[in-house]
Amino acid sequence: MADPREESEPLLSRTRGGSGRDSPAGVPSCHSVQVGPGAVARRDLCLDQAVVFIEDAIQYRSINHRVDARSLWLYRWYYSSMSQWILSFTIFLILALAFIETPSSLTSTSDVRYRPAPWEPPCGLTEGVEALCLLVFAADVSVKSYLVGWAQFRKNPWLLAYLVVLLVSLVDWIVSLSLVCQEPVRVRRLLRPFFLMQNSSMMKKTLKCIRWSLPEMASVGLLLAIHLCLFTMFGMLLFPGEKDRERLAHFRSLPEALTSLLVLLTTANNPDVMIPAYSKNRLYAIFFIAFTLIGSLFLMNLLTAIIYNQFRGYLMKSLQTSLLRRRLGIRAAYKVLSSMTAEGEAYPEGVGVKPQDFLRVLQKVQLGSDRKQAITEKLHSRSGDLLSADEFQKLFDEFDKRVIKEHPPRPGYRSLFLQSAQFLFGHRYFDYLGNLMALGNLVTICVFLVLDADVLPEDRDDFVLGILNCVFILYYLLEMLLKVFALGLQGYLVSSSNVFDGLLAIVLLVLEISTLAVYRFPHPGWKPEMLGLLSLWDVTRLVNMLIVFRFLRVIPSMELMAVVASTILDLIKNMRAFGGILAVVYYVFAVIGIILFRGVIVAPGNSSLAPDDGSAPCGSFEQLEYWTNNFDDFAAALVTLWDVMVVNNWQVFLDAFRRYAGPWSKIYFVLWWLVSSVIWVNLFLALILENFLHKWDRRSHLQSLTGDLEATSEVTVELLFRFRWSPGDSVGGCSQVARGSLALLFSMVTWRVSLCWFREVTVVPESAPGGQTAVSERLLCCYSHAERCPPGL
């Protein structure tokens, strides 16, 4: 017979796993105790559940997890800053082991001609560190599996893969110890990047984006393959003579012809591949120009367009999923809090939430003080006793609003002269004067660099440049003090540009005072001997570099440059997922490269393939002295892959590794080119375009809040895509939240999303453990017309 305390399994129960028992016997659940001693515990449990649901909504996490008291404590501990920091550090540590493990990267150079014997860790050292990391990951997957339940765990491919990777890594670790760390291949090295991927929801979304783009990319790839094969056959027919220079150089055989034209597709060997035939007959240029036009300019750019189009669709789907997760979390919190209102009150159950209960929950939520203050002020501005579902939802609109701090009031001066000076030095034209002075300082440095280009450092006379730099630095200090006078100290520090100027001005002043204290005042023929840590020339170079760096202050003053700079900053903030994908790909290919090509590049003189008499062909690997590009250790492999990804002279690597390792090595480098230069670079280009267009379109900047607040909030859809690293997103998918199929129609007008949903909410019977809320959703899109929405939300 079924346990009477088992749940009916609408929304959250399916994530609990086998028995459905969410709390031990005797522990009161959120809906189990109405009166008596257990009422306080029940109330605290309801508040804790609401806190967790709201935190799930903030972080765009699924609410498919246990909600009994013990599980809620474990859940919040798991997502605490300390536990997440430990997990992130563990991932970093296990990935960084590749630099220390055999073959070690702990040498000053990777040049095979000069590289000393590296320090190799003793057997058991890195293996011990790795064992600790695997224990942390085992605890991680155990906590996740407990929180989601066995039933949900079996349905989650990421968690199943997590368990498989851990088991394979453990078996391979045991094999390493049994062979005294002398095994030829360590399989677990290839699996380590999985720990990074499975702990990032955005990396998973990016992988989905790539998967969605694969059919379209495959069609263009097929066109590229046909294009390459056809022109290869044309080339073999056009250059048939055994004494033809073009055939001997680039079309000697079918594999060499394919390689030459593939490299030409990236324009890395243009016009080298064309010159032998073009010098014989100018009409041969038509063949190479047509190949480049069709392949590089048409098909490759078509591939970029396809990836960009798929990327935009990926953003829209991510937005839909994120909004759904947020709404579900907020709705679950509302349902839990509204169930508390009916107890001992004259209100029917579910009509609203008491503001005092909401404030208690808000104080426990892990949220910034600015957000809490904005939500609290919005709560106090309303009228009425209870919060309706619509009011409760609108309170959390502050999540998607960027706080913009307003400038504090300027200091007031009674003197008319001081007021005039304050107006003058606080005007934007004073900033323009500072930009002009910075430009003049930069021009003087450039002039002296040109004049002293052929003069040795010890023969230079830095008298004039030293005087000019001293004058400019005094002006920078004066500018900083006058701005503090006009804006006040707080007003000056509000602007990041002012902080940037002020810090550099202080550093330059300290360097100038140190120079004068050590080397005295400048004078003609000022070339003193080195005193202290730095010579006079070194100090001058450091000062000049800081002055050049300070010139970046002009960027905010120019609109187009400011847009480009803000786009770059946003790219850096949003690059975790894309950078993580690239790091994973680099890591896997570097390990594979070490397995395949370790030791194949030998120093000159040690092999007939590497002559040391200077007879190497011009443009070859040996003649260009690319000896540092090898796969003898992990760090060298990363740099080699970077050089190939840039595709400048990558035909040199193809030729060298073909001679040293064999013709099959081309497959490795071509695959790396496809993954890095074609797929990832185009994804990165799509991200740049999306960010820049969003910044450039003024309509994308949505309205600010009004009111007499010390800080206003600016809504940006971009914040919806700036996800945290959320390991919890692996515990459940959005599509698994409700029974049946969920229909969500997305409406977007000038980046403003207007969604409203009608929800039919049912509550699990009082006897159900954990007191969990079951929400079965019937989603109706009301577009932008609130009057079409059903009442209640």
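Colleague: Where is Arg-192 found?

Modeller: Arg-192 sits in the loop between helix H7 (187-191) and helix H8 (193-197); helices are DSSP runs of H or I with at least four residues, numbered from the N terminus. This is a predicted model, in which local features need pLDDT of at least 70, side-chain atom pairs count only at pLDDT 80 or more, and totals for chains, interfaces and linings use all residues. Residues are numbered from 1 along each chain as its sequence is written, and side-chain values use heavy atoms, leaving out hydrogens and water.

Colleague: Why is Arg-192 called buried?

Modeller: Buried means under 20% relative accessible area, exposed over 50%, and partly exposed in between (1.4 Å probe, protein chains only). Arg-192 has 0% relative accessibility, so Arg-192 counts as buried.

Colleague: And what makes Ile-667 exposed?

Modeller: Ile-667, in helix H25, has a relative accessible area of 55% and is therefore exposed.

Colleague: What joins the side chains of Arg-192 and Glu-101?

Modeller: A polar contact of 2.7 Å joins them. The term asks for a pair of N or O atoms within 3.5 Å; within protein, one must be able to donate a hydrogen and the other to accept it, and residues adjacent in sequence count only if both atoms are side-chain atoms.

Colleague: Which residues have the most contacts inside the largest nonpolar core?

Modeller: They are Phe-137, Phe-195, Phe-288, Phe-358, Phe-392 and Trp-650, in a core of 137 residues. Helix H13 (residues 285-341) gives the most to this core, with 20 residues. A nonpolar core is a set of buried Ala, Val, Leu, Ile, Met, Phe, Trp, Tyr and Cys residues joined through side-chain atoms within 4.5 Å.

Notes. Helices (H or I, at least four residues) and strands (E, at least two) are DSSP runs, numbered from the N terminus.
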